[in-house]
Amino acid sequence: MNVKVYSTQTCPYCHRVKDYLKSKNIPYQDFDVGTDSAAREEMVKLSGQMGVPVVTIDGNLVIGFDKEKIDSFLGL
Amino acid sequence: MEKIYDLLILGAGPAGITASVYAVRKQLDFLVISKDIGGQTAWSGDVENYTGYQFISGPELTSKFQQHMESFGTKVIMPEEVKGLKAQDKQIKVVTDKSEYISKTLIVATGKSPRALGVDGEKEFKNKGLTYCATCDGPLFKGKPVAIIGGGNSGLDAVLQMIKISPKIHIVNTASQLTGDPVMIEKVKKSAVTEIHNQARVTKIYGEKFVKGIEINQQGKTYNLEVEGVFVEIGLEPNADFASILTKNQKGEIEVDCSNQTNLGGVFAAGDVTNVPEKQIIIACGEGSKACLSAFKYLSRN
């Protein structure tokens, strides 16, 4: 499974998303959109918006820490 | 027959979570219903005034609260948003966007949320350049001109955060001067990238796919500011629209007495959603515990 998290260091819900994935033992790639401008552009293009966190799970998009959506895309 | 709980706790911020800890110790049959965990604490930066922790971040303190609550097996029903309350024959019915619950007692601990501007374009451009959480989204606007709406401490906090990464910061302030702490005002005024618009109101947010600017009205004169980011920091409002059967003060806060009792028997309220003086994490926790003990006393009498 390919999981990507687009986040900033200062955003509480980004930390919560990452903690949640860790608690479920799901490996993920973390992109700091505050410093990585290529990742920032990719996130805006993918999600059509500028709020963090954004999570993609095998290409499926989740905006914000939406546990129900994350669970359904992870098949939990 | 529908289940009747001893207690329903609305909200899982410091007040609601603390109430849940006491509810377990009093062996009440209860539920916690919330749209999130931690409330404003989850969004807070550094906390240096919560006794026992000389320093802890808001998100860390939130997970400590959550762990404490869950160690007793309490799980929050979420995300669920309360839509209305009905008082019926010594019982309270709570209607949410997903279900309905009946209980003998209730603690409203739904806290406060950032206040909206209420202007054209605000909803359309939310998360498309407009944000209510500078702490979260600030870094996304690196190298871009931004407007910060609000001249109080939270507005100035956002300004100071953006000073290092934004080439131009417009501060739009309704008062005749900035109202935050003098130390912050001094730093903001010293910066070469800030421009302060006093006695000014935002009247419109415009753009295409993303924000391109805002229209402001300064003492009758209307003009545009070209910005790509808009940070709204104009204070907080109580999350109590659903509680129309409860008495509130002019700020819309639920009125409680020193035992957290509202105007309705069996209905208690705690934390920032109430008229309690001073909104602090540690106060919300204390109020949550008090509200639960009051609910317990009410149950033993009725």
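A residue counts as buried under 20% relative accessible area, as exposed over 50% and as partly exposed in between, calculated with a 1.4 Å probe on protein chains only. This is a predicted model, in which local features need pLDDT of at least 70 and side-chain atom pairs count only at pLDDT 80 or more, while totals for chains, interfaces and linings use all residues. Side-chain values use heavy atoms, with hydrogens and water left out.

Over all chains, the search of the whole structure finds 11 salt bridges, a salt bridge being a side-chain nitrogen of Lys or Arg within 4 Å of a carboxyl oxygen of Asp or Glu. Among them is the pair of Glu68(A) and Lys98(B), whose closest N and O atoms are 3.7 Å apart. This pair crosses between chains, running from helix α3 (residues 67–74) of chain A to the loop between β7 (91–96) and β8 (100–108) of chain B; helices (H or I, at least four residues) and strands (E, at least two) are DSSP runs numbered from the N terminus. Glu68(A) is partly exposed at 47%, and Lys98(B) is partly exposed at 48%.

Within chain B, Lys168(B) and Glu195(B) meet in a salt bridge at 2.9 Å, N to O. The pair links distant parts of the chain, 27 residues apart, with Lys168(B) in the loop between α5 (153–162) and β12 (169–172) and Glu195(B) in strand β13 (residues 194–197). Lys168(B) is partly exposed, with a relative accessible area of 26%, and Glu195(B) counts as partly exposed at 34%.

Finally, Lys112(B), Glu253(B) and Lys279(B) are linked in a network of salt bridges.

Terms used
Residues are numbered from 1 along each chain as its sequence is written. Chains are lettered from A and ligands numbered from 1 in the order in which they are written.
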